[in-house]
Amino acid sequence: MSNTLSETSNTTQRYTITAALPYTNGPIHIGHLAGVYVPADIYSRYLRLRGHDVAFICGSDEHGVAIPMKAKKEGVSPQEVIDKYHKIIKDSFEDFGISFDNYSRTSSQIHHQTASDFFKKLYDQGEFIEEVTEQLYDREAHQFLADRFVTGTCPRCGNEEAYGDQCESCGSSLNATDLINPKSTLTGSKPVLKETRHWFLPLDRYESFLRTWILEGHKNDWKPNVYGQVKSWIDEGLKPRAVTRDLDWGIPVPVAGAEGKVLYVWFDAPIGYISSTKEWAAREGKDWEPYWKDKNTKLVHFIGKDNIVFHCIIFPSMLNVHGDFILPENVPANEFLNLEGNKLSTSKNWAVWLHEYLEEFPDKQDVLRYALTANAPETKDNDFTWKDFQARNNNELVAIFGNFINRVVVLTNKYYEGIVPEPGTFTETDREVLGELKSFPEALGNSMERYRFREASQILMNVARLGNKYLADEEPWKVIKNDPERVKTIMYVALQIASALAVLSEPILPFTSEKLRKMLDQEGDQKLNWNELSTMETLLPAGKQINTATLLFTKIEDSEVAHQLQKLENTKKMNEAANKTVEPQKETATFEDFSKMDLRTGTILEAEKMPKANKLLILKVDTGIDTRTIVSGIAQSFKPEDIIGKKVTVLVNLAPRKLRGVMSEGMILMTENAEGKLVFVNPDEDGVTNGTVIS
RNA sequence: GGCGAGGUAGCUCAGUUGGUUAGAGCGUCGGAUUCAUAACCCGGAGGCCACGGGUUCAAAUCCCGUCCUCGCUACCA
């Protein structure tokens, strides 16, 4: 019997596997699971089964401006926010069977120390650029204001409630210093400009390192989506990036004169992988350093595609200039998962929340793991539907996997009172089937090691298919009538397949694997490991007493799917209702204010796309007064040829403004329909001539 | 607009150092079977491989152009 496993994968290897730190401003949903935690867990479990030395590391990301923002909104302290979500997240991961060796949090003392030391070392090496800029400062609160903490009038659309980073009325992205009449949301006072010093990581200096390491070194072993994204960033030109913020929530900048400043959350978060490893090692009485410093250790980051730049460019640059650390071997980032055709959204509550799933589908962790793996967004965005979830369960887990185990165990109990029979002479078919069985560990392992978990889930199912086919072909229930001796061999072979399934299913279906091991009495020292599947002649020895059959999976009824769909439908309705809440009336305008605005009816004469812009159309409008050029950001709602001749309402005396080099003399009045599509505001009867005053 | 990723069967996806009739699972239709959660097993139908050019003896695969989806980025009522 030849050992089909490759030599390299049989030698023990040290792995440090990280899963993106979840941000503690909301619970975990299926998008996070499919993209990061399920694949990372499958990979980690697989490597452990192969006997490798694995540190599977994660923790809560608890810094950043969004935490105090949320705290303020809910009227609680930032600490209460992070404690709440840290607990929800940690508990739901545990219930779900994500096998982290350590789940830490970035508010921990060990992390503060580690991140602080990391910064200090780079600072002492002179890696940072220091720069002084003017930022808005709240004199009453004695602190600088992050963009989100400033509101004011949007310079573009006049909305008086625009945030410092973005106007939610017109969608413009802004700088806080652009706002007219800025107001601090902390105290309501008017912020002033004040100089502040910050430290920047000069990414531009690391370009050649990144090009050599990734673009040349990982051209073939990194996923195309990851490689392409990285190349795109590098080719666009890297710029120095601020690694400090004026904020009172986070890790203080460990430098004299940096009071009131903290490390930028994206600087400290990935260091959390290191501190979490330290925490684990201390608890386990191990040395953490080889996991981060030994050249033979393989470091793998599991993340979603939104994190590519941080894990492929910024963090490796930090590790590299620090000097002591190894670089990631791979960053198998996944794309995004959608839910029933729409993007997942925490704020819109468009999600399947893990903690809710665990309550509503008790003891069905593996079903979700399987459904998310079989339909994982490995190469492109994918859609999760409850119908698919049901089909994966009923047609694959129940009908193929569960059914095979059930028939084998039921027959064994029926014919032999649960004792594994002594096989006779193997037929050609028996030998072929057993031979094929021995090839699965390698095939499955290959998929795992190439991060192709979707493929792995199908290969696993093929093991059960092999078993079902073997039983269908050999028909022991018929043979028992005239050749009971032969049936012993058949059942023995079928039991070997069941036994292999107990091991092979562990990475993807850990709960099922455990139940199956119990059923086959393969626990404790009876427990087989992955490598033995191909080398051992006998997986389940004759004479062994197994237990009676219990169902591994149960059907999911249409009513359960309907219930979940109804839940989402309700969310949609709630969102619609929320969108209907009309904006509050603005403060009173005098008649004089209104009469300043000169509104006229007009007609669009010409329309063309603004070159090199996505949203802009250049319009020629007959205003009755003249024919003038107006640049309007409506290109995503209308094609130029469709709006020629359209009657419109024009604000003609708006101060002219240059947009992308074209002078725009006026504004077309628009509103929006329920789908967010723009709609012209225009006279609804014909015969109104251009230039007619609107009053 | 720039850059990146994707566009293959009704659905979800494999498949590119170019090479015989393009694959899998699910769904569908038919057959067989009854040990098993009416499940399993066998077979059939179903594809101008987004579109248009080009290179080649040969293109899903390489080149050029176009369209669509997603992301980043620019820009924006």
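What follows is a close look at the cavities, and then at the helix contact and the sheets.

Mentor: Please keep in mind throughout that this is a predicted model. Rolling a probe the size of a water molecule over the atoms shows where empty space is left. In this structure there are five cavities of 30 Å³ or more, and the largest cavity has a volume of about 60 Å³. Its lining consists of Leu201, Arg241, Ala242, Val243, Tyr264, Trp266, Phe267, Phe310 and Ile314. When these residues are sorted by class, eight are nonpolar, none is polar and one is charged. Three elements, namely strand S10 (241–242), helix H8 (265–284) and helix H10 (308–322), each supply at least two residues of this lining.

The second largest cavity has a volume of about 50 Å³, and the residues that line it are Ala34, Val38, Pro39, Ile42, Asn334, Leu372, Thr373, Ala376, Glu378 and Phe453. Helix H2 (30–49) and helix H12 (365–374) are the elements that give two or more residues to the lining of the second largest cavity, and the largest share, four residues, comes from H2. By class, the lining of the second largest cavity has seven nonpolar, two polar and one charged residues.

Strands of a sheet pair through backbone hydrogen bonds, either parallel or antiparallel. Here four strands form an open sheet in the order S3-S2-S1-S13, and the pairing is parallel. Strand S3 (102–105) and strand S13 (298–302) stand at the edges with a single partner strand each, so one side of each is left without a neighbour in the sheet. From one strand to the next, the twist averages 20°. Within this sheet, strand S2 (residues 53–60) and S3 pair in the parallel sense over four bridges, and cysteine 58 stands opposite tyrosine 103 in S3.

Phe453, one of the residues lining the second largest cavity, brings us to helix H15 (residues 453–474), whose axis comes within 10 Å of that of helix H17 (residues 484–504), the two axes crossing at roughly 170°. H15 and H17 are therefore roughly antiparallel to each other. In their contact, Leu460, Val463, Ala464, Leu466, Gly467, Tyr470, Leu471 and Glu474 in H15 meet Arg486, Thr489, Ile490, Val493, Ala494, Ile497, Leu501 and Leu504 in H17. The residues of this contact divide into 12 nonpolar, two polar and two charged.

Strand S14 (residues 337–339) and S16 pair in the parallel sense over three bridges, and the bridge partner of asparagine 338 in S16 is aspartate 383.

Note on methods. Residues numbered from 1 in each chain as written. Chains lettered and ligands numbered in written order. Predicted model: local features only at pLDDT ≥ 70, side-chain atom pairs only at ≥ 80, totals over all residues. Heavy atoms only, no water. 1 Å grid on protein atoms, 1.4 Å probe; cavity = no way out; pocket = protein on both sides within 12 Å on 5 of 7 lines; lining within 4 Å. Points joined across faces, edges and corners; volume = space filled by probe spheres on them. Nonpolar A, V, L, I, M, F, W, Y, C, P; charged D, E, K, R; others polar. Axes fitted to C-alpha atoms, helices over the stretch in contact; angles between N-to-C directions. Parallel < 35°, antiparallel > 145°, perpendicular 65-115°, else oblique. Contact = heavy atoms within 4.5 Å. Pairing = 2+ DSSP bridges.
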